[in-house]
Amino acid sequence: MTSVQFHTASSKQDAMTPYQLCHHIAACTRADRVLWFSQINERWRPIASSVRSSVSLDSGLACEWQRILDELATTSDSSSTSSFNQLLDAYRRDNEVSTLLLLPLQSSDAKQTVSYLILETFQSPTIVDSSELRSDWQTIAPEVATSIQRIVDTQDDSLNSPQLGTWRKALPIALVLITAALFVIRVPLRIPVEGTLHPIQQQRVFAPTSGRVVQVDVEQHQSVEAGDVLLRLQSDELDLQSEIIRGNLATAKAELAARRTVRSDRSTRSTSLSPSCSASESSTNELVLKERIASLEKQQQFIQRIQASMIIRAESRGTVHRWDEEKSLLGRDVFQGQWLLDVVNVDSGVQARLHLPERHLHYILHAQSQKKPLVSQLQLRSQPDVAWSSEIEQVASVVTVNEAGNPTIAMLAAANISSGDFEQTLLGATVVGDVHAGDSSLAFMLFRPFFESLEELW
């Protein structure tokens, strides 16, 4: 098997691709299939085939020829030649190849074989021997010589490029330097948080008892002072109980007065019957009535306190924030403990109540242990242009569960929004952002999900 070199003039096939060349050779010879393998990165790889525009590197055909060509490259004695022939015979048998012509292709400087053209015929009634196949090849070779040589030289130049060799040597060093830089470079570690806006001072007004709202003395966003009446409740059941107690109390007092009058009249008359027994019985009845009157008076005082609490007043200066802006509270039936409205003092400041996922708590604790301030960058989700920076003022020591059922840690941060720009409608608005929990390596930040998964496994 001799190597093939081409030194013919340029022709119209100069612009052909490897696939077009293989297809052209198969069409102009009696070969049923033409394969083209080149040595790339010290491995024989298929670059073209006459039957397909591309050949998979993992296909059975590619793997077989990689073994055959590797064996051919090491063939130097009779034993290795025998091994090569065995591989070739096995290939012919497994693929039903009748005739096979292997053409080594060298670069222009004739230093080494860098490619192989493989012409194959399959079993058919008309048998084509290797000499006939070689004769066909020699006939077409001058026509495709320049195109083949151009592709061979291009591949050989790319493989032997000094820049490529330098890059291969420098690549391990570059990888080491990049890896070291990833662990040396420090970047801010930011933990995502979410929460809501709340005033620092506010009076939450709840219904002291079940009843009906009979008077509303304030409107939405109205300013009030401490002691101002906000609304009044009335309970028909409580009023009925008050009337019953009042009537029972009046009856008991009248009966006590009557008994005292009777006892006084009896004491002025002389009688032959046992006066001591009659006086003792009268005294006992009066004592029972006194106890009953005292009990009724306590019940009356208790109901009066409840009725007084149904006149709800502002505990401090602020602005009214109603639970329902569209419908009036007037005439509504409310139950004990129902939220009615808030009196908000925005001048005292606004704070963000944040929720930190429990799985990120160790980052916060680590930053606190290093005496570093926890600075948050926050913004309103509904108004991203409203953003501010503030320090975390408090971190809860207990775990709570949010609406989604996930464990979270509550944190408080001041909302640096001026009272003049703050609107009542922003109360309860969603706040999003992150907390700066110190610095960490760039490698950790790039592969943080992977490291956190490892921490959960441990």
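Let's start at a turn: in the hairpin formed by β1 and β2, two residues lie between the strands, and Asn41 adopts a positive phi near 55°. Keep in mind as you explore that this is a predicted model. From that hairpin, we will move on to an open sheet and then to one leucine.

- Strand β1 covers residues 33-40 and runs antiparallel to β2, with six bridges joining the two.
- To find one of these links yourself, look at Leu35, whose bridge partner in β2 is Ser49.
- Strand β2 spans residues 43-49 and is mostly covered, with five of its seven residues buried.

- Strands of a sheet pair through backbone hydrogen bonds, in either a parallel or an antiparallel way.
- Here, four strands make an open sheet in the order β9-β8-β6-β11, and their pairing is antiparallel.
- Strands β9 (311-313) and β11 (333-334) stand at the edges with a single partner strand each, so one side of each has no neighbour in the sheet.
- Two bridges connect β11 with strand β6 (residues 211-216) in the antiparallel sense.
- Arg212 has Asp333 as its bridge partner in β11.

**A look at Leu100**
- Leu100 belongs to strand β3, which covers residues 97-106.
- Is Leu100 buried or exposed? It counts as buried because its relative accessibility is 11%, and buried means under 20%.
- Beyond its neighbours within four places in sequence, Leu100 is in contact with Trp65, Tyr91, Arg92, Ile118, Leu119 and Glu120.
- Asp129 is 29 residues from Leu100 in sequence, while their C-alpha atoms are 8.6 Å apart in space.

Methods. Residues numbered from 1 in each chain as written. Predicted model: local features only at pLDDT ≥ 70, side-chain atom pairs only at ≥ 80, totals over all residues. Heavy atoms only, no water. Buried < 20%, exposed > 50% of the residue type's maximum accessible area, 1.4 Å probe, protein only. Pairing = 2+ DSSP bridges. Contact = heavy atoms within 4.5 Å.
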